[in-house]
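Morning, everyone. I'll take you through one model, with the ligand site towards the end.

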Amino acid sequence: MAKLLDGKIVRDKIEGVLKSKIQNLLAAPRLVIIQVGDNPESNTYIAQKIKFGEKIGANIKHLKLPEDVTEKTLNFNIANFNSEKSINGIIIQLPIPENLDKNQIIEAIDPAKDVDCLHSANLKKLMENNPTGLVPATTKGILTLLEHYKINPAGKHVVVVGRSSLVGKPTALAFLNLDATVTVCHSKTNHLSLITKHSDILISAVGKPGLITKNHVSPGQTVVDVGTTVVDGKLKGDVAAGEVEKIVDWISPVPGGVGPMTVASLFQNLLQAYQNQNL
Ligand code: NAP
């Protein structure tokens, strides 16, 4: 039976560390969360971020703009937050309405305050393995979870299923930076199960419950399930955990695996941004 990569335990440990570090700062780190519209999943994610942020003593401002906000108004707000010295981090909660130019809006954020690490300047640093850069929260959360359980990806074959700019690609790059040999799979990949079976570490970031079955895994593997899909009011991962956990060595649950790690990692990034801005 697989051992659990328990994101809640690691999240709680990070919470304690961040809380004590923040207590010793001159001012609480400040994060602005910009939301456009009223997407129910975004509301849930934002509530989780506010709850964690308040627990560790960060200062959070949630700016909720109407669905029909113009790009001009959004840019005006971002520019104000960029120039406000006491604000250390700015995030745009995705998704945003399709009529808004997502890339332009992300590029409008000061890279030094881009704690979600979506700005091209920060992604370039990730590409170059530049240690001064931030790592996107979900990717960072996966790495920290593995590190906690002493699973070292160096020299290992890591298969990442999913190639989005938000999760799959940065995660693949981050593992490459840690000296793993990385294969990236996607919806057009032929013979997915043959590739996933031959990995040491399998990361699934797709959003299709039950995609990874017992036919996709083999003994000795570590499986990290990033996928989150709400089915009949319950959160489901990509992995058919009931059958996969009988075969592999380590597995992350959904919920309680990567999700809590993503929130904690965001606030590690906020603290790092604060420190970079106050050198
Ligand atoms: P996304 O932008 O929809 O990307 C999904 C990726 O999966 C795409 O690259 C797609 O391939 C690939 N894919 C789709 N069907 C596939 C199949 N049958 N076989 C192999 N690959 C397939 O989603 P995302 O933003 O990366 O998020 C992925 C999942 O992670 C979602 O469930 C999301 O909710 C979850 N997530 C969780 C956290 C967390 O904290 N736990 C954070 C972020 C995201 P193509 O490129 O070919 O279309």
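One cut-off before we start: a residue is called buried under 20% relative accessible area, exposed over 50%, and partly exposed in between. Asp-38 has a relative accessible area of 48%, so Asp-38 falls in the partly exposed class. Keep in mind that this is a predicted model.

Let me stay with Asp-38, for its partner. Asp-38 forms a salt bridge with Lys-64, and the closest N and O atoms are 2.7 Å apart. Where do Lys-64 and Asp-38 sit in the chain? Lys-64 is in strand β3, residues 59–65. Asp-38 is in the loop between β2 (30–36) and α2 (40–56). The two are 26 residues apart, and the pair links distant parts of the chain. Lys-64 is at 40% relative accessible area, so Lys-64 is partly exposed as well.

How many salt bridges does the count come to? Four. Here are two others. Arg-11 and Asp-12 meet through their side chains, at 2.9 Å from N to O. Is Arg-11 buried or partly exposed? Partly exposed, because its relative accessibility is 22% and the buried class is under 20%. Asp-12 is partly exposed too, at 42%. Then there is Lys-124 with Glu-128, a salt bridge at 3.2 Å, N to O. Glu-128 has a relative accessibility of 46%, so Glu-128 counts as partly exposed.

Now the domains. The protein is divided into domain 1, residues 27–112, and domain 2, residues 137–258. Their C-alpha centres lie 28 Å apart.

Ala-58 is placed in the loop between α2 and β3. Buried or exposed, for Ala-58? Buried, because its relative accessibility is 10% and the limit for that class is 20%. From the C-alpha of Ala-58 to the C-alpha of Ser-83 the separation is 19 Å. Along the chain, Ala-58 and Ser-83 are 25 residues apart.

Next, the backbone. Please find Leu-94 and Pro-95. The peptide bond that joins them is cis, with omega about 0°. Pro-95 is in the loop between β4 (89–92) and α4 (102–108). There is another cis bond, from Val-254 to Pro-255, with omega near -5°. Pro-255 lies in the loop between β11 (250–251) and α10.

Then phi. Asn-129 is in the loop between α5 (120–127) and α6 (137–148). At 43% relative accessibility, Asn-129 is partly exposed. Asp-232 also has a positive phi, about 50°, and again is not a glycine. Asp-232 is in the loop between β9 (229–231) and β10 (234–236). Is Asp-232 buried or exposed? Its relative accessible area is 80%, so Asp-232 is exposed.

Ser-164 places a polar side-chain atom 2.4 Å from an oxygen atom of the ligand. For Ser-187, the distance from a side-chain N or O atom to a ligand oxygen is 2.6 Å. For Thr-262, the corresponding distance to a ligand oxygen is 2.7 Å. How much of the ligand does the protein bury? Taken alone, the ligand exposes 930 Å², and the protein buries 71% of that. The size of an interface is often given in just this way, as the accessible area lost when the parts come together.

If you take two places back to your screens, take these.

Terms used: Residues numbered from 1 in each chain as written. Predicted model: local features only at pLDDT ≥ 70, side-chain atom pairs only at ≥ 80, totals over all residues. Heavy atoms only, no water. Polar contact = N/O pair within 3.5 Å; in protein donor to acceptor, adjacent residues only side chain to side chain. Areas by Shrake-Rupley, 256 points an atom, 1.4 Å probe, with all protein chains shown as cover. Buried < 20%, exposed > 50% of the residue type's maximum accessible area, 1.4 Å probe, protein only. Helix = DSSP H or I, 4+ residues; strand = E, 2+ residues; numbered from the N terminus. Domains from an automatic or database assignment.
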